[in-house]
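Dear colleague,

Please find below the structure that I am passing on to you.

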Amino acid sequence: MNPQFKNILHSLGIYHPLQSHYRNVVFYLKRMFFRISFSSYKGHGFTCNVCQQQYFRFVDDWPSSENKNALSNSNVIAGYGKNIMCPNCLSNARERLVIAMLQHHINIENKKILHLSPEKNIYQYLITKSQVVTADLVPGFYKNIDKHIKQEDVTALSFADQSFDLVIANHVLEHITDDLKAMSEIYRVLKKGGIAILQAPYSETISATIEEPLIANPERQSELFGQKDHVRIYQLNDYISRLGQSGFIVSKISYKELSAFHHHAIQVDETFLEIKKPY
Ligand SMILES: [Zn+2]
C-alpha cells in the first residue's frame, strides 16, 4: 500500500479496522476454497476440536521463502508442517492445542481470563464458559474478534495485582522486546495458583536463545528469527528458565504425553508448557 495513503488511513484511525475487515474477506474466500478443494479428504483421521469436522488430512502450511532458513536451520517448532489448518473452519494447530488443554486439562468454568492478542477460535471457546477480557497493543487489529478489546502494553498492564485466574498470550512473547518485563506483568496480574498459557516458537537444538530485542528491521528479522516481527527464537530450556526467574513454576508436557490430542492435528513435536503462579 502507498505509504501516504496508509498514513492518511492511520490518521483517520481506520487503518487497523479496515485491515481487520480485509482479513475477514480473505478468511471467507480462503475457507470457501479449502472446503471445496478438501471435500474428497472428508472422513476419519483428524477431528477438528473447533468445528468437529473430520478429514483424513488437513491443510499443510509451510513458511515463506524469506522465513524458512531461520526456522529450518534451528529446527524451530513454529506452527508449520503437515496438517496444520482445518479445511472446514481454518483453525490452526496452535489454536487446537490450546483448546484441547482448555477442554481437558485446565478448568475455565466461571474463571476470569485475560486473553492477549486474542485468536478467534480460542476466544470463542472461552466466552462460552468464562469471563474474558481481551487486549492488545494494537486493538484495532482484533476488532473483528472482540469489539470491546482494550489497548494494553503487556510490559505495563493496567490491571490490578491478582486480577485473573488465567492469562493467555499464545505466541506473543517472541515479539516483545522486554520479554522478562512482560512475564513479570503477567505474573503480577495472575491470582495465586493461576495459570498462564504462553506458547512460543522454540528450538531444542540451539545452545542459547537467539535474540536481538531492539532490531526493528523486518527483512533481517525474517532472516534471523523466521518472521518479520519476531525478535528472538527461544531455546526451550532458556525460555523455561526465564519464566522461572519471573516466579512461575513450569512443567513440560511432551508431544508424546499429549497423545490423546494427536487426532486433533496439533503441531507434531510441540511441547506444551504448564505455567503456574504458586500459592
Ligand atoms: Zn475445524
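Two residues are taken to be in contact if their C-beta atoms, placed from the backbone, lie within 7 Å. Please bear in mind throughout that this is a predicted model.

With neighbours within four places in sequence left aside, Val167 is in contact with Leu114, Ile186, Val189, Leu190 and Ala196. The largest nonpolar core has 68 residues, and Val167, Ile168 and Ala196 are those that touch the most other members. Helix H4 (residues 93-104) supplies the largest share of this core, namely six residues.

Leu114 also stands opposite Val167 of E8. Strands E5 (residues 112-116) and E8 (residues 164-168) run parallel and are joined by three bridges. Both belong to an open sheet of seven strands with mixed pairing, ordered E7-E6-E5-E8-E9-E14-E13. Strands E7 (150-151) and E13 (249-253) stand at the edges with a single partner strand each, so one side of each has no neighbour in the sheet. Helix H6 (residues 179-189) lies across E5, E8 and strand E9 (190-197), and runs at about 135° to E9.

A separate point concerns two helices. Helix H3 (residues 65-73) packs with helix H7 (residues 218-225) at an angle of about 40°, their axes being 5 Å apart. From H3, the contact involves Glu66, Asn67, Asn69 and Ala70; from H7, Ser222, Glu223, Leu224 and Phe225 take part. Three of the residues in this contact are nonpolar, three are polar and two are charged.

Yours sincerely

Terms used
Residues are numbered from 1 along each chain as its sequence is written. This is a predicted model: local features need pLDDT of at least 70, side-chain atom pairs count only at pLDDT 80 or more; totals for chains, interfaces and linings use all residues. Axes are lines fitted to C-alpha atoms, for helices over the stretch in contact, and angles run from 0 to 180 degrees between N-to-C directions. Helices (H or I, at least four residues) and strands (E, at least two) are DSSP runs, numbered from the N terminus. Ala, Val, Leu, Ile, Met, Phe, Trp, Tyr, Cys and Pro count as nonpolar, Asp, Glu, Lys and Arg as charged, and the others, Gly among them, as polar. Two strands pair if DSSP finds at least two bridges between them. A nonpolar core is a set of buried Ala, Val, Leu, Ile, Met, Phe, Trp, Tyr and Cys residues joined through C-beta atoms within 7 Å. A residue is buried if 20 or more other C-beta atoms lie within 10 Å of its own, exposed if 12 or fewer, and partly exposed in between; C-beta atoms are placed from the backbone.
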